[in-house]
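Please open the model in your viewer and keep the selection tool at hand, as this tour goes from one selection to the next.

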Amino acid sequence: MNTTRIRPIPKQDADLYPTPHSDRPALVVDNEQFVRTAFAQSPDEGFKGLFRLYYKPLCSHTLRFVYRQDVAEDIVSEVFYQFWKSGGYASIQNTYRAYLYAAVRHRAYNYLRDELTGPRAPLPLDAVMLTTADESPQTIIEYDETVQRIEKIIHELPTQCQRVFLMSRFECQKNQEIAEELGLSLKTIEAHISRALRQLRQIFLFNLLFGFVAAQGMQAGACLYL
Amino acid sequence: METVINKTVLYAYFSGTVTPVQKKLIETWLAETENRAQYYQWLHEWELAHLQTAPDWQPAFSRIETRLNTPFRVIQPDEEPTRTNWFWRRDYAWIVAASLTLLLGGWLFVDVIRYETVQTGFGETRALTLPDGSTVTLNANSSVRFNRFGFGTQLPNYLSAIQPSRRVYLTGEADFRVRHLPNHQHFVVLTPKGLNVTVLGTEFTVLGRARKTQVALRSGKVELTLAQKSEQPPLTMQPGDVVVLEPTGQFARRRIRNPEAVAAWKNHRFTLSKPLSARLPPCSKKTTVCVSPLHHPNWPPARFPARFRPITPTTY
């Protein structure tokens, strides 16, 4: 039903395209027929349409993992960049949406895990280009559970600790700035942040213990011992 | 099964308010590839309804465009640092492993490195000269251990009072001929039962085995102390004294006429103070001397104390 509204996109009629300021954001949701037609006409235009359509929600979703605005945007941009550069858009069997969400979640999860538990061997580049078919239901569930655990942990932090953590990460403020703004010592700020990070680290230690995503682990393991 | 999963359930799932059973159903539902598209569509819708941020897509898009128009700018230098990083991390692991091994080795062999040990086997005696010029004659099945480095070096008074540098750990039996050093340094023999013999320069025999701890003094003066705290005060021995450490932790002193006899084993002799009776202990590997209670009719009747020469001197 929405296709009638969205079809003009290839003609670059931005006004008809539901923008962030649309009164009914639900209208954006659609099967991606129009993006496919755009890709068929001109990949450049199709890509732009894809970017416009998904950049914002993808960033928002990534933020649920990494809790950092700049990192979230970097991750999403990087996925788009790889997607375009490798020509992956041409071989999408499923929806673009499924691919983009899966790739972004995968990256965001790995980013947070590496940040909290130390870096691992870099994955080979082709591993980054995962398709939705590679994803097991367990992986999907695990990502969603991770998001919920993170949210729960941050929720359960003491008020001040949570505030400091969000200022430091989400708002990317320097520790000194936070200290001045809240009238606390730098040591206290650092203690708050490290406490929050320690809590978050538990998630991944738990996952490590139960050998989360065997295939992924094996891949990482193979790289480690090569 | 599919009918259970609908948008409401999935929305609840994204918000983290589903039951474990529902979660399990979603997992089963996700196993179907065509349901994935549905899943991501609903995830997308949910995300749009619960946006956490509204970044501007235009600048990000133009950044990507510039990146795409300048190929290989980022990829190439990116490759190198990760590789060196990885390499270094590996190297680092090797260094850590090597130093750990070294530390552990040092810790395990600290005694071997610090002390020199001289040991005698069954039926063997050995004379050795310590770095300070004192001589030690070890009886069979005995061992002495002393500092490999710094034996007999001059230490400040307060230090040598606590722990003199001339320290010998003795297990078994040994005869000492201690040199009196110009700086009057003490010489201490430590036995396994905690009896310490402190001397300046003299001749004496110490027996420190599991069954008995005994000191016999031939000349000079020695002081006996116990390592553990006990009510037994330090004892100063006179020449000709033999002191035995009782199991109760007390010193039992007696005088003997011929202290040389205590060290008769040095010359491969042993002395019997009274006739051997049926109480003779059976031969065992632990005993130094094995006496067979044979008597030859041609042998003259023995007078006591009697001195014997071993029947098979070749073993010495």
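Select D144(A) and R105(A) to begin with, two residues that are both buried in this predicted model. Their side chains form a salt bridge in which the closest N and O atoms are 2.9 Å apart. Since D144(A) lies in helix α7 of chain A and R105(A) in helix α5 of chain A, the pair ties together parts that are 39 residues apart in sequence.

Next, select E115(A) and R169(A), whose side chains meet in a salt bridge with an N to O distance of 2.9 Å. Here E115(A) belongs to helix α5 of chain A and R169(A) to helix α8 of chain A, so this pair ties together parts that are 54 residues apart in sequence. E115(A) counts as partly exposed at 32% relative accessibility, whereas R169(A), at 6%, counts as buried.

Now show chain B as well, and select E142(A), E145(A), R149(A) and K23(B), which are joined into one network by salt bridges that share partners. Which residue of chain A forms a salt bridge with E47(B)? Select R64(A), and you will find the closest N and O atoms of this pair 3.0 Å apart. In total, the rule finds 3 salt bridges across the interface of chain A and chain B.

Finally, colour the side of chain A that touches chain B, to which α3(A) gives the largest share, 14 residues. The residues on this side divide into 25 nonpolar, 10 polar and 13 charged. Together the two chains bury about 4200 Å² between them, with 65% of it on carbon and sulfur atoms.

How values were computed: Residues are numbered from 1 along each chain as its sequence is written. Chains are lettered from A and ligands numbered from 1 in the order in which they are written. This is a predicted model: local features need pLDDT of at least 70, side-chain atom pairs count only at pLDDT 80 or more; totals for chains, interfaces and linings use all residues. Side-chain values use heavy atoms; hydrogens and water are left out. Buried area is the accessible area (1.4 Å probe) that two parts lose on being put together, summed over both. A salt bridge is a side-chain nitrogen of Lys or Arg within 4 Å of a carboxyl oxygen of Asp or Glu. Helices (H or I, at least four residues) and strands (E, at least two) are DSSP runs, numbered from the N terminus. Ala, Val, Leu, Ile, Met, Phe, Trp, Tyr, Cys and Pro count as nonpolar, Asp, Glu, Lys and Arg as charged, and the others, Gly among them, as polar. Buried means under 20% relative accessible area, exposed over 50%, partly exposed in between (1.4 Å probe, protein chains only).
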